[in-house]
Amino acid sequence: MTHYLLSIYQPDGPPPAPEVLEPIMRDVEDLNAELRAAGAWVFAGGLHPPSTATVVRQKDNEVLTTDGPYVEGKEHIGGFTVIQAPDLDAALEWGRKLARATTLPIEVRPLQHGSCG
């Protein structure tokens, strides 16, 4: 089995109102339950806003840190799920289900060497 990262891209700005967000979160929880039942779920997590990020980089034999995201844009990774799937087609199907649940774009990408450890 190969491990895949399903990255959830969300627009910058405040979260949707509770009446919009609550049904989405229920759909995501239902999908997480389906992933677990299928043996495909590895782990998942939501992220704090990009403004909470710190970037660490090497430059001229020094390690520098800066506040804020590495790349600024109109969208950011708001969360992710790591799954295991037999092939890309199966991973893409989980990505489609996550896109339907979140109503957001999902990037599906295999982990190098297919493992998490």
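In strand β4, Thr-66 is the bridge partner of Val-55. This pair belongs to strand β3 (residues 54–59) and strand β4 (residues 62–67), which run antiparallel and are joined by six bridges; two strands are said to pair if DSSP finds at least two bridges between them. The hairpin of β3 and β4 has two residues between the strands, and Asp-60 there takes a positive phi near 50 degrees. The model is a predicted one, in which local features need pLDDT of at least 70 and side-chain atom pairs count only at pLDDT 80 or more, while totals for chains, interfaces and linings use all residues. Residues are numbered from 1 along each chain as its sequence is written, and side-chain values use heavy atoms, with hydrogens and water left out.

Stepping back to the whole chain, two helices and six strands make up the secondary structure. Helices (H or I, at least four residues) and strands (E, at least two) are DSSP runs, numbered from the N terminus. Along the sequence the elements follow the pattern β-α-β-β-β-β-α-β. The C-alpha trace spans about 50 × 40 × 20 Å along its principal axes.

Next comes the sheet. Four strands form an open sheet with antiparallel pairing, in the order β2-β5-β1-β6. Its edge strands, each pairing on one side only, are β2 (41–46) and β6 (106–110). From one strand to the next, the twist averages 20 degrees. Strand β1 (residues 2–11) pairs with strand β5 (residues 75–85) in the antiparallel sense, and ten bridges join these two.

How do the helices meet? The axes of helix α1 (residues 18–37) and helix α2 (residues 88–102) come within 8 Å and cross at roughly 160 degrees. Axes are lines fitted to C-alpha atoms, for helices over the stretch in contact, and angles run from 0 to 180 degrees between N-to-C directions. On the α1 side the contact (heavy atoms within 4.5 Å) includes Ile-24, Val-28 and Leu-31, and on the α2 side Trp-94 and Leu-98 are among the residues involved. The contact residues divide into seven nonpolar, one polar and three charged. Ala, Val, Leu, Ile, Met, Phe, Trp, Tyr, Cys and Pro count as nonpolar, Asp, Glu, Lys and Arg as charged, and the others, Gly among them, as polar.

Finally, there is the largest pocket, which holds about 630 Å³ of space. On a 1 Å grid over the protein atoms alone, a pocket is an open set of points where a 1.4 Å probe fits, with protein on both sides within 12 Å along at least five of seven lines; lining residues have an atom within 4 Å of a point. Grid points are joined across faces, edges and corners, and the volume is the space filled by probe spheres set on the points. Of the 28 lining residues, Gln-10, Leu-21, Met-25, Gly-78 and Leu-104 are the closest to the centre. Helix α1 gives the largest share of the lining, six residues. The lining divides into 15 nonpolar, twelve polar and one charged.
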